[in-house]
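Here are a few notes on the helix packing, written while going through the model. Have a look at the structure first, then read on.

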Amino acid sequence: MKNSRIYLSPPHMTGKEQLYINEAFESNWIAPLGRNVDMFEKEIAEYVGAKGAVAVSSGTAAIHLALSLLDVKRGDRVFCSTFTFVASANPILYQGAEPIFIDSEPESWNMSPLALERALYDAYKEGKLPKAVIMANIYGQSGKMDELMTLCDHYRVPIIEDAAESLGSTYHGKHSGTFGDFGVYSFNGNKIITTSGGGMLVSNDLNRLEKARFLATQAREQAVYYQHHEVGYNYRMSNILAGIGRAQLEVIEDRVHAKREIFKRYECLLADIDGIDFLAELPETRSNRWLTVFTMNHLEIAADPFEVLNFMAVQNIEVRPLWKPLHMQPLYSGALYYSHSEHEDVSHQLFKTGICLPSGSNLSEIEQVRVVNCLKESLKGAKRKEGIF
């Protein structure tokens, strides 16, 4: 009999979601308005320590609103992490602006301060500083925010912190997503908490957040008839989905704990395999360990990540490669790109050597042992092919 499928990061329901959904039905507020929406915004803001929040249909929508609020328009430039999902950058194109991609650095795998410094200096000399810098916190790990913020503050460039993968993570005791002018979270089905689909924009600028609500509701003016002076968007979260989010948020710390325990177990079970390097935590940070990820040293492991992926797929286990850098995507062919250093293209190297393991907070120990055993078998087979064993 075929083994049941082990997914990368499936939804993990609490059982309490239905109570909030029923409340929405009983009140007949099932549209993008209602108590669940209001409370979800309030509870997220309180959890992360932001002054306010706006619940929207996706993390992508939240980035788009942030760019709109920063008056990014055609002909402007926006710097963006290259080692991230395409949703981090696509809203730049929505605004008709030009994305410029910034490499990762090898410790956090997030935006390289060295590359950002060169990019900002070049832009300053050219007299065309970016309207914003979008920094993605990958796989739950915050970037080197002190260094990155110092650079952006020096050039007075606003920061949009894409914390889609890092809700619950902290940097020097402060929550991921609360360092920039705007922070963005995602509640997609694979995130640490989910509303099935949805996102949140957070900020300490309450006036701008109110404008975000206005834009997210088709920029409808206060009038008895439908009146519009600006282009708006249909981006508000439904009251039903917000109810799911409220129940999920109640267990966020449990989910972070579970993900971190899964990481520790992988680290222990794979300790006998030379050449596996896990994404480490920076000092004084807490990663939510959204996904357990590692790279393979080709001097010690002959396997190609895609060979491992194919082997695991046959075993009915979902594993993934690391993000393909955006500057390597056909969509962004020709975009300007700043590598970490003249001789080190970190994001490209990560993509060539990295793997994401199943990391759902509901992953059982038995399932995790199965993943590890299959992974070891795939690596062992590759080594035999190369004559290492």
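Predicted model: local features only at pLDDT ≥ 70, side-chain atom pairs only at ≥ 80, totals over all residues.

1. Which residues of H2 are buried? They are Asn36, Val37, Phe40, Glu41, Ile44, Ala45, Tyr47 and Val48. Looking down the axis of H2, these buried residues fall within an arc of 165°, so they line one face of the helix. As background, an α-helix has 3.6 residues a turn, so residues three or four places apart point the same way.

2. H2 packs on H8 at an angle of about 35°, the axes being 8 Å apart, and the crossing is left-handed. On the H2 side, the contact is made by Arg35, Asn36, Val37, Met39, Phe40, Glu43, Ile44 and Tyr47. H8 brings Asn239, Ala242, Gly243, Gly245, Arg246 and Leu249 to it.

3. H8 (residues 239-249) also has helix H1 (residues 17-27) as a partner: their axes come within 8 Å and cross at roughly 150°. Angles over 145 degrees count as roughly antiparallel, and H1 and H8 are therefore roughly antiparallel to each other. This crossing is right-handed. From H1, Glu17, Tyr20, Ile21, Glu23, Ala24 and Phe25 meet a set of H8 residues including Asn239, Ile240, Gly243 and Ile244.

4. Then there is the pair of helix H3 (residues 59-69) and helix H7 (residues 206-216). Their axes lie 10 Å apart, at an angle of about 115°, and H3 passes H7 in a right-handed crossing. Leu65, Ser68 and Leu69 of H3 meet Arg208, Lys211, Ala212, Leu215 and Ala216 of H7.

5. Finally, tyrosine 233, which sits in the loop between H7 and H8. Is tyrosine 233 buried or exposed? Its relative accessibility is 17%, and under 20% means buried, so tyrosine 233 counts as buried. Beyond its neighbours within four places in sequence, tyrosine 233 is in contact with His64, Leu65, Ser68, Gln95, Leu215, Ala216, Thr217 and Gln218. Threonine 194 is 39 residues from tyrosine 233 along the chain, and their C-alpha atoms are separated by 22 Å.

Note on methods:
Residues numbered from 1 in each chain as written. Heavy atoms only, no water. Buried < 20%, exposed > 50% of the residue type's maximum accessible area, 1.4 Å probe, protein only. Helix = DSSP H or I, 4+ residues; strand = E, 2+ residues; numbered from the N terminus. Arc of directions from axis to C-beta. Axes fitted to C-alpha atoms, helices over the stretch in contact; angles between N-to-C directions. Parallel < 35°, antiparallel > 145°, perpendicular 65-115°, else oblique. Left-handed = near helix turned anticlockwise from the far one by under 90°. Contact = heavy atoms within 4.5 Å.
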